[in-house]
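Here is a short report on one protein model. Look over the sequence and the structure first, then read on.

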Amino acid sequence: MRNQPPNEARVIPLRPHGARPSGAPPRQVPAPAAKEPLWRDLVGDVLRRERLAQERTLKDVADEARISMPYLSEVERGRKEASSEVLAAAARALGLGLGDLLTRAQGELTRVTSRYTAGSRRGATTSSHDGMCLAA
């Protein structure tokens, strides 16, 4: 047996790299699917757009919402998954209700996802409801 460092695994390939079983067709690599946006990105975009539309600084809104400026910046950039309390405070500081903020984010989600889901809905069931349900 070879000398091998104690906590190092030995890899034994089952088949040589790149080899296919005899008669197997070349492997098809599927095209990457369009990536759906994250909710935190959408909400952050709405907060930032509204803040900029009001020509307010990050510091001004953060102070009024009683949120740290770095944290609000991270929320706006979609880096942090903010609680409903933080989102409500930021929305209030911008003169919005939490429902207004979430409705705008939902509209953005619908707009963004409709671009690439329209062609992939073959056979999907349709619903008479055109909304989103959020549970807290």
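## Surface and burial

The protein chain exposes about 10,700 Å², and carbon and sulfur atoms supply 53% of that area. Accessible areas come from the Shrake-Rupley method with a 1.4 Å probe; for residues, only the protein chains shown count as cover. Of the 136 residues in the protein chain, 26% are buried. Buried means under 20% relative accessible area, exposed means over 50%, and partly exposed lies in between (1.4 Å probe, protein chains only).

This is a predicted model: local features need pLDDT of at least 70, side-chain atom pairs count only at pLDDT 80 or more, and totals for chains, interfaces and linings use all residues. Residues are numbered from 1 along each chain as its sequence is written, and side-chain values use heavy atoms, with hydrogens and water left out.

## Confidence

The predictor's confidence in each residue is given as pLDDT, from 0 to 100. The protein chain has a mean pLDDT of 81, and 62% of its residues reach 70 or more. Helix H2 (residues 58–65) has the highest confidence, at 98, and helix H5 (residues 98–117) the lowest, at a mean of 89.

Over residues 122–129, pLDDT stays under 50. The model has zero contacts beyond four places in sequence for that stretch. Where pLDDT is low, the predicted coordinates should not be read in detail.

## Fold

The protein chain has five helices and zero strands. Helices (H or I, at least four residues) and strands (E, at least two) are DSSP runs, numbered from the N terminus. Contact means heavy atoms within 4.5 Å. Among contacts in the protein chain with a separation of 6 or more, 63% join residues 24 or more positions apart.

## H2 against H4

The axes of H2 and H4 come within 8 Å and cross at roughly 120°. Therefore H2 is oblique to H4. Axes are lines fitted to C-alpha atoms, for helices over the stretch in contact, and angles run from 0 to 180 degrees between N-to-C directions. Angles under 35 degrees count as roughly parallel, over 145 as roughly antiparallel, 65 to 115 as roughly perpendicular and the rest as oblique.

Helix H4 (residues 84–93) has buried residues Leu87, Ala88, Ala89, Ala90, Ala91 and Ala93. After H4 comes glycine 95, with a positive phi near 80°.

## Serine 73

Serine 73 sits in helix H3 (residues 69–76). Its relative accessibility is 14%, so serine 73 counts as buried. Beyond its neighbours within four places in sequence, serine 73 contacts Arg48 and Leu58. Arginine 48 is 25 residues from serine 73 in sequence and 8.7 Å away in space, C-alpha to C-alpha.
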